[in-house]
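Hello,

Here is the structure you asked for. My notes on it follow below.

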Amino acid sequence: MARKTARKELPLEAIQCEIALQQRPLDPDTVARYCSLMDEGTEFPPVDVVYDGQRYLLYDGFHRVAAAERTGKRTLPANITVSSREYAEDMSYRVNAAHGLPRQPGVVTVILQAIFANPRWRDKKDAEIAEWVGCSRQYVNIARHENEKSPEAATGTDAGPPPSAPPDAPASAPPDAPASTDVETSPKYPITDEVGTPIPGELADRWLARTVLRDRVREVQGVVTLISHSLEEGDTTYALINQAALQSAANTMTDVIKAAYPYALCPACNGVGCETCRACGFITLLAWKAIG
Ligand SMILES: [Zn+2]
């Protein structure tokens, strides 16, 4: 699709903050820092949105938008690309840290999980995904391995087509083929947390089950989507719902759930269970940063 990018001052209420395009949880410290900078008059780079003919879909700048809302700004400069929602989705996978937060390893994992849940993306080669996301091919390998073992992958929560073999792949490997050196095919590959600490075997299932938090996020967002679709189709059942308030509440719920995503083995108890980790054996990214 031909794309044209223009820079324009957009009213905040026109900027659609869709959770599916936000690949990292809002970091309260960063929002607070941006708020002070905005209050001091610091100019921020434009946020990035896609105009799909109806909506301005934000894919880069969630912290700036949150800070702008909190400081009472009415508009933000935006780079507007005229394209599709799919393009916004693709771009959200490669948002990098040229400005704002450095990208944490956990964030790359979240992006890769979104990619593996996306029928347009999940069958692409590791190398292609790695180049787009800006991480190593090994990292994609590991994340794919973990994702395939997760309950989310097993239940197949979306209605995408079944994965198909890439056209240049042999139909089946000869039985005496040497074992692949790819880590993703090794059943003994040790699972590690986001900082590289091995997860003890007895905690592996619990660690992998963290992806169900993403199901909860999708359910929250699903309520908003269902109601807005019903309204678009003329269903008056939800006519009296304040859609902006509903979206904002869903965003808050999503932020809370995403912030609770297990990030590291609890350093206080090494996963045995203690007060710090509320007996679950893991701590969040925020807790990890607070300790570090
Ligand atoms: Zn603990």
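Before the notes, one term: two residues are in contact if their C-beta atoms, placed from the backbone, lie within 7 Å. Please also keep in mind that this is a predicted model.

Helix H3 (residues 85–92) lies across S3 and S4, at about 15 degrees to S4.

The strands themselves form an open sheet of five, in the order S1-S5-S3-S4-S2, with mixed pairing. Strand S1 (5–11) and strand S2 (15–16) are at the edges with a single partner strand each, so one side of each has no neighbour in the sheet. S1 pairs with S5 in the antiparallel sense, over seven bridges. In S5, Leu76 is the residue opposite Leu10.

Next, the largest nonpolar core: it has 21 residues, and those with the most contacts inside it are Val49, Leu57, Leu58, Tyr59 and Val65. Two or more residues each come from strand S3 (47–51), strand S4 (56–60), helix H2 (62–70) and strand S5 (75–82). H2 gives the most, with five residues. Leaving aside neighbours within four places in sequence, the contacts of Leu57 include Leu21, Val49, Val50 and Ala88.

Regards

How values were computed. Residues are numbered from 1 along each chain as its sequence is written. This is a predicted model: local features need pLDDT of at least 70, side-chain atom pairs count only at pLDDT 80 or more; totals for chains, interfaces and linings use all residues. A nonpolar core is a set of buried Ala, Val, Leu, Ile, Met, Phe, Trp, Tyr and Cys residues joined through C-beta atoms within 7 Å. A residue is buried if 20 or more other C-beta atoms lie within 10 Å of its own, exposed if 12 or fewer, and partly exposed in between; C-beta atoms are placed from the backbone. Helices (H or I, at least four residues) and strands (E, at least two) are DSSP runs, numbered from the N terminus. Two strands pair if DSSP finds at least two bridges between them. Axes are lines fitted to C-alpha atoms, for helices over the stretch in contact, and angles run from 0 to 180 degrees between N-to-C directions.
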